[in-house]
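Let us walk through a protein model together, step by step. Keep the sequence and the 3D view at hand as you read.

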Amino acid sequence: MLLKTKLLLPLFFFFLTTAFLTAQTATVKGIIFDQENLIVSGANVTYGTSGVLSDENGVYVLEIPSGQAVDIKYSYLGFKDVTLTVTLESNEDFEFNPVLRTDVEQIDVVVIDARRRKRVE
């Protein structure tokens, strides 16, 4: 009986600590849109060095650490980044549907030169 207790006790603590550590996350989810209310598929949703991509329907699900302020960045090529700071409790779900705006910059002058250049080898 004593041997059985010695074997089961460490196993019990292992499962207890594993359950405790995995329960320390929260979920941020939603759909990413552009300014014309069209979905944006393949957008980056990141915090720190972790992140996910939105699927073909613009849906994303991101697991973040709970109990601390987390800066979440939404980005896609050709759009301005959107940043959200959230603090969520353990196992809390938060829905956020960001709207990405196009990032347009106008350039002054474009000069196209049609002269041929000699190749130097």
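Predicted model: local features only at pLDDT ≥ 70, side-chain atom pairs only at ≥ 80, totals over all residues.

Residues are numbered from 1 along each chain as its sequence is written, and side-chain values use heavy atoms, leaving out hydrogens and water.

Look for an open sheet of three strands in the order β5-β1-β8, with mixed pairing. Because β5 (59–65) and β8 (93–95) are at the edges, each with a single partner strand, one side of each has no neighbour in the sheet. From one strand to the next, the twist averages 20 degrees. Strands here are DSSP runs of E with at least two residues, numbered from the N terminus, and two of them pair if DSSP finds at least two bridges between them. Strand β1 (residues 25–31) and β5 run antiparallel and are joined by seven bridges; I31 stands opposite V59 in β5.

Now find T27 in strand β1. Is T27 buried or exposed? T27 counts as buried, at 11% relative accessibility (buried means under 20% relative accessible area, exposed over 50%, partly exposed in between, with a 1.4 Å probe and protein chains only). Leaving aside neighbours within four places in sequence, T27 is in contact (heavy atoms within 4.5 Å) with residues including V61, L88 and F94.

For a contrasting setting, go to I107, in the segment after β9 (99–100). I107 is exposed, with a relative accessible area of 60%.

Key: Helix = DSSP H or I, 4+ residues; strand = E, 2+ residues; numbered from the N terminus. Axes fitted to C-alpha atoms, helices over the stretch in contact; angles between N-to-C directions.
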